[in-house]
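Dear colleague,

Please find the structure below. My notes on it follow directly after.

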Amino acid sequence: MAEKVLMKGNEAIAEAAILAGCRHYFGYPITPQTEVAAYMAKRMPKIGGTFLQAESEIAAINMVIGVASTGKRAMTSSSSPGISLKCEGLSYLAGCDLPALVVNVERGGPGLGGIQPSQSDYFQATRGSGHGDFHMIVLAPASVQEMASLTMKGFDLADKYRMTSMILADGTMGQMMEPVILEAPELVKYEKPWALTGTDGKRPHNIVNSLFLVPEDLEKMNFARYERYRTVEENEAAAEEFMMEDAEIAVVAFGVAARVSKNAILAARERGIKVGLIRPITLWPFPKANIAAAAAHAKHFVSVELSMGQMIEDVRLAMDCARPVSLVNRAGGMIPSPDEVLAEIEKIQGGIHA
Amino acid sequence: MTVFAKPKSLTDAPLHYCPGCTHGIIHRLVAEAIDELGIEGRTIGVASVGCSVMAYNYFTVDMVQAAHGRAPAVATGVKRSDPSKIVFTYQGDGDLASIGTCETVHSAARGENITIIFVNNAIYGMTGGQMAPTSLPGQITQTSPYGRDVATQGYPIKMCEMLSQLDGASYLERVAVNSVKNVRNAKKAILKAFRNQVEGKGFSLIEVISTCPTNWGMTPEKALAWVDEKMIPYYPLGVYKDKYAEVQ
């Protein structure tokens, strides 16, 4: 078994990607994800891989498209403003059904925003990361260990479903150091008969393309893609539940917000309040079943977010607005404190038992 | 005896280009170069956005279609994935010299071992004839209806001249396809641009002065003459850089 090492979240992502067989990284400097590129710059030349500092975020994602079209694992990483620039490429990746891994270590926005942690790209990641009908698989780590494990899983899911996997991590996850065990995963080999490997004169040419001028054809492509998305929704939604068995109040939070919420929940439990946590690990597909099941016994939900309230919409939708949902949020790079979450839990408790 | 045949690297798909457009000639020259070097089985092409967007249907090699202006970045990815492959992009002037200038300049600066076929017809053809980065001063287009006014719309970009300043670029030549003589020179240049890549000589770009009779509002014959009268005087043909010329 591999030994435990102390690592920054960003470095764990980079090493995990290498362990997952990624040998092509393209990036552009932006805080707070720069350590991913720095790590790759050191490691890739030593293992016969490619590290390339691209001229822009746009170029980087298109270099990823180039490698992905040849059937190999490729990735890029960035932070919020840079991800906005990559959105065109994300749409093309989806339109071409190419697998890739994209990391967003989020900072506050909009615009140039700030460089402190944020979760305000939730909508962008789960809804509108580019033009057209498409989804990405969005994974939300809440520890350095998960930065590594979800990166490995992200590559696997991307190949399995011919989709882009996005690691959506708030800046805290990228910057903090924790012990992590890095073990090479068992790599599943996916056949890629569509890949551009050169015809070698032995087969008709392959075309990787997202242009379909006949609307009937383009519609068919979209329906087929959404059929695949439904399989992903059925099979891949994941969440961690914490003290949910008897919970009357259900806190929903991911990433650093989930860690803060756990502390608040432990404090509330000491005061006899039946409260638990649902921590979505996949943001798309959203773990709707966990929310819906919790609504059977939870009377009130709390969405804790580092944004003006984005995931809260999915929490409401997952249970058809059957229960009220409060929002505990900080924005612009601020992180809610356990006390702020606890105060809301106590307020709700007062309401329930008034 | 066959005197002239369709190159092996062109498919049988009928070209969708307008009558008199010289994309067809340029496609053939690219395919002939691929045939002559015997690299069809290991060549990967990158189509761009513009009139030649569907180039992926016309070449028998593996093809990827890139977003507007991004072909050199996509080509960089393809080439870095497997340097034994021969990778080329086929781009128009709007794609290469406007929205994709950054990717063009930086792939040249890096000396990517790729081949770029840059088709300059001084207009956006696919969208119906708008002003291009290469439209001539005074040229009338849909978005310069009173003629390109350099005071407000700036000057055309001479890509070969500009790129020749970069240490990373290996081979830059501007050719035309409006006469038999020019087509023969264009063929030589395109062949050399591909051979350079086979020999690992780095970044080659061939700018091909092309025609757009439809959007220029000319007969095909008049368009060919306009290349001589207006285009070539502004965009002189010739070799702008050949890093390996001395050692050849």
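In this predicted model, helix α2(B) lies across β1, β2, β3 (86-92) and β4 (115-120) of chain B and runs at about 175° to β3(B). Helices (H or I, at least four residues) and strands (E, at least two) are DSSP runs, numbered from the N terminus. Axes are lines fitted to C-alpha atoms, for helices over the stretch in contact, and angles run from 0 to 180 degrees between N-to-C directions.

Residues are numbered from 1 along each chain as its sequence is written, with chains lettered from A and ligands numbered from 1 in the order in which they are written. Local features need pLDDT of at least 70 and side-chain atom pairs count only at pLDDT 80 or more, while totals for chains, interfaces and linings use all residues.

Strands β1(B) and β2(B) pair in the parallel sense over 4 bridges (strands pair if DSSP finds at least two bridges between them). Within this pairing, B:G45 has B:M63 of β2(B) as its bridge partner.

The open sheet has 8 strands with mixed pairing, in the order β9(A)-β2(B)-β1(B)-β3(B)-β4(B)-β8(B)-β7(B)-β9(B). Because β9 of chain A and β9 (238-242) of chain B each have a single partner strand, they stand at the edges, and one side of each is left without a neighbour in the sheet.

Between the chains, 29 residues of chain B are in contact with 32 residues of chain A (C-beta atoms, placed from the backbone, within 7 Å). The largest share of the chain B side, 8 residues, comes from α2(B).

Kind regards

Notes: Two residues are in contact if their C-beta atoms, placed from the backbone, lie within 7 Å.
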